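Work through the exercises below with the sequence and the model open. Each task is followed by a stepwise solution.

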Amino acid sequence: MTFSPRLEEKFAKMLTIYPEGRQRSAIVPMLIYAQDEVGSITPELIDEVARRCGVSSLQVDEVVGYYSMLHRKPMGKYHVQVCTNISCLLVGGMELYEQACKKLGIGHKQVTADGQISLEEVECMGACSWAPAVEINYDFHHHVTPEKLDQLIDGLRKAQ
Amino acid sequence: MPKKLYNEPSPLETRILSRRFGLENSESLATYVANDGFKAFRKAREMKPEQIIEEVKTSALRGRGGAGFPTGLKWSFVPRSSPKPKYIVVNADESEPGTCKDRLLMEYDPHQMIEGILIGGLAIDSHKGYIYIRGEYRYLIEHMDRAIAEAYAQGYLGKNILGTGFDFDLYTHSGAGAYECGEETALLDSIEGKRGIPRMKPPFPAVAGAWASPTLLNNVETFSAIPAIIRDGGAAFAALGTPKNGGTRLLCVSGHVNKPGVYEVPLGYPMMKFIEEIAGGIPGGKKLKAVVPGGSSCPILKADECDIPMDYDSLAKIGSMLGSGGMVVLDETTDMVKFALRIMRFYAHESCGWCIPCREGTTWLRKILQRFDDGGGRHEDVALLGELSKNMLGRTFCALGDAAAMPTISIVEKFADDFEKRLARDRQMVAV
């Protein structure tokens, strides 16, 4: 299994930054960067990361199950993450999440039928003072209003 | 163009760590160097390691991640003479609900943190560091990578830094979504490529941390405070705060206030003055109900408990904590049942499952609170929630169990009326 040249370069460097014999340290960063390219954590990807880090596939597999950003099933091309933790909750985060469910017709960790947009109710993302917050893939959106959320989702549909 | 700030600064702030926020290209090395950058590193290079640590002790700086442990003391625990390599690990896993300050320190002034890390390296004889950044902050990982590359290119990292003969390599390391990895020993397991499970202490990370080597592990803000301490002296930093609570810190205020934002104030700043004047008070003329003083794991304060100075010891005296600086303000309309439930949904989700009191405790607390919120509450649930929480306290490897129990105990004790009102409403609904 190979990745894009940019990622291959990144991974080659990654394996050199940890102490000698401790290359399994690269497992978590390698998984998350690879997931961005592959779309999800597939069995082949687990085998590949295990091979590169010098551990068994099982050792990678058990790590995958722990981290909430790693998904074994593909999420949408656009992954909409709505925070409903306390700071967002107090200023309408839960209502935004419910609005997103309704508008997209999907629930927590589900994907639209066309595979384009997925939704997740997430825990605190560190945007508390600019709440309520939504993160789409890796882009933060602050002070999200119901109107702004509608526009964001409409924008994603147009971008397809 | 100066970068647009997330929120307008307040004239009442004391800006030490955030003094470069808002400057043109504040994130660039050139701006940093032109504004006192790396003066502290040059000064530290002329000092003995013990003197650096002494200066940090004098500053009365306490860990800004949440626990508030004296930083100089932590530095002194690293066995400098150990034949093993020594590592620096920066905790940039900022995940405590209510907390969003480390983002700004990395985004606006990455070189301030880099300089702090280098000074830490001089103090403990370390030549390699890792910044563990939560996966959700991808843009900041890329941002820090650019800052690090810039520092390497201009001789502020790598071999023979600024001709001083000191070598230091610095790297970023991405997390992938786990609150627990903000706990220092879980973070170390994560950086070693494992599930983020807390370790038995002792040994503490200072002695056996990353890859079983001595490791200095501090929060982003803690390292970012070091350059000012070395440059202007520990005593000057200490004098900004109150005894044993040196300096300033970044407070993140959110919830029901007119001007939510991140503001830097001295330790000991009056809480009500902060809420009313810096954070602009509560919208719509509503009354204050409660304050979460430093992230969701801190015991909640009732409105009449908030007339206090914000330092570690004053908060401890009234049974709460200054924590990570994430202050959440609740107005009189807040439904405390829903609030307690949301907190517990979080901890149940984030419990790593290693310790049974935490794994089971958070799950049962969530279920009881969910049932209560759904209208199936019972009178005895209020006492049960408190009792169950108290049985978790101190019975887990790490502080996550306590972090879930403490706010719950305080909410059911201080806001029992809210729960009783819900029961009364449920009974009425049944009667109708």
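**Exercise 1.** Are α14(B) and α15(B) roughly parallel or roughly antiparallel to each other?

Solution. The model is predicted: local features need pLDDT of at least 70, side-chain atom pairs count only at pLDDT 80 or more, and totals for chains, interfaces and linings use all residues. Residues are numbered from 1 along each chain as its sequence is written, while chains are lettered from A and ligands numbered from 1 in the order in which they are written.

Step 1. Locate the helices: α14 of chain B spans residues 356-376 and α15 of chain B spans residues 381-392. Helices (H or I, at least four residues) and strands (E, at least two) are DSSP runs, numbered from the N terminus.

Step 2. Take the axes, which are lines fitted to C-alpha atoms, for helices over the stretch in contact, with angles from 0 to 180 degrees between N-to-C directions. The axes of α14(B) and α15(B) come within 10 Å and cross at roughly 165°.

Step 3. Angles under 35 degrees count as roughly parallel, over 145 as roughly antiparallel, 65 to 115 as roughly perpendicular and the rest as oblique. α14(B) and α15(B) are therefore roughly antiparallel to each other.

Step 4. List the contact, where two residues are in contact if their C-beta atoms, placed from the backbone, lie within 7 Å. On α14(B) the contact residues are B:P357, B:C358, B:G361, B:W364, B:L365, B:I368 and B:F372, and on α15(B) they are B:D381, B:L384, B:L385, B:L388, B:S389, B:N391 and B:M392.

Step 5. Sort the residues of this contact by class: ten are nonpolar, three polar and one charged. Here Ala, Val, Leu, Ile, Met, Phe, Trp, Tyr, Cys and Pro count as nonpolar, Asp, Glu, Lys and Arg as charged, and the others, Gly among them, as polar.

**Exercise 2.** How many residues does the contact take from chain B and from chain A?

Solution. Step 1. Chain B gives 50 residues and chain A gives 36 residues.

Step 2. For the side of chain B that touches chain A, elements that each supply at least two residues include α7 (138-153), β5 (248-255) and α13 (336-350). The largest share, six residues, comes from α13(B).

Step 3. The classes on that side of chain B are 21 nonpolar, 20 polar and nine charged residues.

**Exercise 3.** Is A:Y66 buried or exposed?

Solution. Step 1. A:Y66 sits in the loop between α4 (57-64) and β1 (78-83) of chain A.

Step 2. A residue is buried if 20 or more other C-beta atoms lie within 10 Å of its own, exposed if 12 or fewer, and partly exposed in between, with C-beta atoms placed from the backbone. A:Y66 has 21 other C-beta atoms within 10 Å, so A:Y66 is buried.

Step 3. Leaving aside neighbours within four places in sequence, A:Y66 is in contact with B:A178, B:R195 and B:G196.

**Exercise 4.** Which residues does a cis peptide bond with omega of about -5° join?

Solution. Step 1. Most residues other than glycine have a negative phi, and most peptide bonds are trans.

Step 2. The cis bond with omega of about -5° joins A:A131 and A:P132. A:P132 is in the loop between β3 (117-122) and β4 (134-136) of chain A.

Step 3. In chain B, a cis peptide bond joins B:P202 and B:P203, with omega of about 5°.
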